[in-house]
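The sequence and structure are shown first.

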Amino acid sequence: MDDGPAPRGPRTERWRLFIAAPLPDWLREEIDARVTPMRSASPHARWVHTANLHLTLAFLGDTHPGDVPQIVDAMRGAVSGRGAFEARIAGAGSFGGGRRRPLVAWLGLEPGARELVDLMRSLQVLLGIPPEERSRRREQVHLTIARDAAPDLVERLREIIVPPLPAWVVDAIWLYRSHLGSGPPRYEELERAVLAGGDGDG
Ligand code: 2AM
């Protein structure tokens, strides 16, 4: 049966959404200062733009804008009863690295990883993400620094976090809309859910 042309207009509008814990400006700048010398040594890697450094908790992908209120409800449910917590960048690692899966180099977190995984799991349940989509990789709390990276870049990342970066307080999670274009993506802050005791201003 011919269903005719697909409906157009607002009903088919999709926003590329994700939920993440942001990093305070001073921390992004500090990471940038330490990573900058690495960029010129590895110009072929795709380096995450400093303004875009974040800790992803859930990637929602193309989503109908009308679903945003439910997503925000899930975020509020996930933070409910949870306090703001301390986090610090610690360790480095990678995903992929095979021919078909280019290496993603990231910095880890300790303390703060356990709390972020708890938040991730709550979000997955409240957002109705099916268990088969809850991969271990996504549960590895990570701050992506570069994609299409060379393997030695992970070693270099371990070196740049000596001396350690200062800790900060994670006090909110944000729903972001990602605008893709020719340059780095632009992340628009849509809504936030504040953890108990936080003001959400980073
Ligand atoms: P990550 O690099 O922190 O793992 C915004 O696009 C964020 O969503 C990215 O930084 C990435 O998180 C995650 N993301 C992007 N595309 C994705 C996909 N197809 N599947 C899962 N996560 C994705």
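## Pairing of strand E1

In this predicted model, strand E1 and strand E9 (residues 172-179) form an antiparallel pair over four bridges. Within this pairing, Ala20 lies opposite Trp174 of E9.

E1 also pairs with strand E3 (residues 54-63), again in the antiparallel sense, over eight bridges. Here Leu17 faces Gly61 of E3 as its opposite residue.

E1 is largely enclosed by the rest of the structure, because six of its eight residues are buried. Ala20 belongs to this strand, which spans residues 15-22. With a relative accessibility of 0%, Ala20 falls under the 20% cut-off and therefore counts as buried.

Leaving aside residues up to four places away in sequence, Ala20 touches His54, Leu55, Thr56, Leu57, Ile173, Trp174 and Tyr176. The C-alpha atoms of Ala20 and Arg192 are 9.6 Å apart in space, although the two residues are separated by 172 residues in sequence.

## Packing of helices H2 and H3

Helix H2 (residues 68-79) packs with helix H3 (residues 113-127) at an angle of about 140 degrees, and their axes are 9 Å apart. The two helices are therefore oblique to each other, and their crossing is right-handed.

On the H2 side, the contact is made by Ile71, Ala74, Met75, Gly77, Ala78 and Val79; H3 contributes Leu119, Ser122, Leu123, Leu126 and Leu127. By class, this contact comprises nine nonpolar and two polar residues, with no charged residues.

Notes:
Residues numbered from 1 in each chain as written. Predicted model: local features only at pLDDT ≥ 70, side-chain atom pairs only at ≥ 80, totals over all residues. Heavy atoms only, no water. Axes fitted to C-alpha atoms, helices over the stretch in contact; angles between N-to-C directions. Parallel < 35°, antiparallel > 145°, perpendicular 65-115°, else oblique. Left-handed = near helix turned anticlockwise from the far one by under 90°. Contact = heavy atoms within 4.5 Å. Nonpolar A, V, L, I, M, F, W, Y, C, P; charged D, E, K, R; others polar. Buried < 20%, exposed > 50% of the residue type's maximum accessible area, 1.4 Å probe, protein only. Pairing = 2+ DSSP bridges.
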